[in-house]
Amino acid sequence: MSDTNKAAASGPRVTGLGGIFYVASDPEATRAWYRDKLGVDGEYGPQFAWSDEPKANPYSLISHFKDDEYIKPGKGGFMINLRVADLDGFVEQLKSRDVEVLDTADEGYGKFAWILDPNGVKIELWEQVAEELP
């Protein structure tokens, strides 16, 4: 961590992703899909505790794109990236739950798979493989 980043880490700052919010025509059915297909739920919807993350140095990022090619076939101009443990096993679990897996990739630092939620929102599933940021 650079000296600038160390100094910034001690004062007021953004510490991570707090949530993703979007309009769904049937919020209860969407919440049930996330619970039943992805296994995540919480009092206000799918919820994740960072303390449950098994990897050292976990991180989230916000990526900006000039166009929507990477987000296609998702709708709405955005995509959700979810961290997962054991991506290969999770992909098999999704298939057994009748979730279509659009594609997979191994980039060395991480493994990826892509699906669509019932609203057409693209979800990128990501297993962090490398301990350090790329």
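Buried means under 20% relative accessible area, exposed over 50% and partly exposed in between, with a 1.4 Å probe and protein chains only. The model is predicted: local features need pLDDT of at least 70, side-chain atom pairs count only at pLDDT 80 or more, and totals for chains, interfaces and linings use all residues. Residues are numbered from 1 along each chain as its sequence is written, and side-chain values use heavy atoms, without hydrogens and water.

**Exercise 1.** Classify the ring pair of Phe 112 and Trp 114, and state whether the two residues are buried or exposed.

Solution.
Step 1. Rings of Phe, Tyr and Trp (its six-membered ring) pair if their centres lie within 6.5 Å; planes under 30 degrees apart are stacked, over 60 edge-to-face, the rest tilted.
Step 2. The centres of Phe 112 and Trp 114 are 6.0 Å apart and the planes meet at 10°, so this pair is stacked.
Step 3. Phe 112 and Trp 114 are both buried; for Trp 114 the relative accessible area is 10%.

**Exercise 2.** Describe the pair of Tyr 70 and Trp 114 and the surroundings of Tyr 70.

Solution.
Step 1. At 6.5 Å centre to centre and 90° between the planes, Tyr 70 and Trp 114 are edge-to-face.
Step 2. Tyr 70 counts as partly exposed, because its relative accessibility is 35%.
Step 3. Lys 122 lies over the face of Tyr 70, 5.1 Å from the ring centre (criterion: NZ of Lys or CZ of Arg within 6 Å of the ring centre and within 35 degrees of the ring normal).
Step 4. Tyr 70 and Trp 114 also belong to a cluster linked by ring pairs, with members including Phe 65, Tyr 109 and Trp 126.
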